[in-house]
Amino acid sequence: MQRKTKLITVVTATLAVLALGSGSVLQMHAANDVSSTGQTVAPNSASVDGTKVTATTASGTKQNYTVKYTDQSTGDQSTTLQKKTYGSRATAKDQVDYVGNADGEKVKLNKSTSAVVQGVMGHTYVHWTKGDWSVTAVTSNADQTGTPTQFAKQVNQQLRKSSLPKHADTGAVTVYSKTDDDKDNTVTWQDGKQTYTVKGQAADTTVKVAQNTK
């Protein structure tokens with residue numbers, strides 16, 4: 001009888017450990033899920049020039065997630081922030097379209113910042129760098145509201161007012177002077193094996209969401 005009691009005790013203890021182990025695995029998976037901006041680097045909101053976007057959904061895991069923003073004036077989903085994790089730092093770095101030295105006409109954006117102007121297929125590209133970041137301001141030649149240099153100066157002024165993510169190993173900003181459904185304004189940066197990308201319909205709002213990241 002004593003031997004049988006010991007056997008039952010061992011079996012019961014083993015099942016308890018297995019159950020606990022199973023529960024722990026499930027709990028770890030649940031803890032890895034993302035359901036709010038507080039679990040991400042994304043800001044709850046961003047405001048610039050009278051336009052405000054607010055985070056409405058966050059989904060994915062801590063390694064790969066997406067946060068979606070809604071324009072408070074129109075109710076439209078206008079901006080997203082996405083994190084992706086890769087197998088190596090080199091692979092993550094390859095996802096960033098950093099533009100280094102470029103050839104072209106040089107222009108001054110302010111006393112300390114010079115840029116290069118290039119014309120390609122009906123668009124004018126103004127490139128410059130800020131530390132580990134490259135910035136490209138794109139203007140359609142059909143856009144008569146201002147010059148490419150004027151738009152580039154506006155972008156540079158916004159970047160001077162508030163920093164881009166300082167923890168970035170490398171980063172790239174590409175923005176358009178005119179809203180285009182076929183082209184997204186993007187701010188992408190690498191941090192180790194991770195990349196973060198903000199995409200949006202408006203250039204200034206897209207940049208502002210990136211500037212507000214934690």
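Leaving aside its neighbours within four places in sequence, Val 173 is in contact with Trp 133, Ser 134, Val 135 and Thr 136, as well as with Leu 164, Thr 186, Val 187 and Val 207. These contacts belong to a predicted model, in which the chain of 214 residues has 36% of its residues buried. The secondary structure comprises four helices and 11 strands, and among contacts between residues at least 6 apart in sequence, 50% join residues that are at least 24 apart. The chain exposes about 12400 Å², of which carbon and sulfur atoms supply 49%.

Strand S8 (residues 133-140) runs parallel to S9 and is joined to it by six bridges, with Trp 133 standing opposite Gly 171 of S9. Strand S9 is also paired with strand S10 (residues 185-191), here in the antiparallel sense and over five bridges; within this pairing, Thr 188 in S10 is the bridge partner of Ala 172. As a general point, the side chains of a regular strand alternate between the two faces of the sheet.

Aromatic side chains were examined next. The count of aromatic pairs comes to two. In one of them, Trp 133 and Trp 189 lie 6.1 Å apart from centre to centre with 45 degrees between their planes, an arrangement classed as tilted. This pair links distant parts of the chain, since Trp 133 is in strand S8 and Trp 189 is in strand S10, 56 residues apart. Both Trp 133 and Trp 189 are buried. The rings of Trp 189 and Tyr 196 have centres 5.5 Å apart and planes at 20 degrees, and because planes under 30 degrees apart count as stacked, this pair is assigned to the stacked class. Tyr 196 is buried, as is Trp 189. Taken together, the ring pairs link Trp 133, Trp 189 and Tyr 196 into a cluster.

Technical notes: Residues numbered from 1 in each chain as written. Predicted model: local features only at pLDDT ≥ 70, side-chain atom pairs only at ≥ 80, totals over all residues. Heavy atoms only, no water. Contact = heavy atoms within 4.5 Å. Helix = DSSP H or I, 4+ residues; strand = E, 2+ residues; numbered from the N terminus. Buried < 20%, exposed > 50% of the residue type's maximum accessible area, 1.4 Å probe, protein only. Areas by Shrake-Rupley, 256 points an atom, 1.4 Å probe, with all protein chains shown as cover. Pairing = 2+ DSSP bridges. Phe/Tyr/Trp six-rings, centres within 6.5 Å; stacked < 30°, edge-to-face > 60°.
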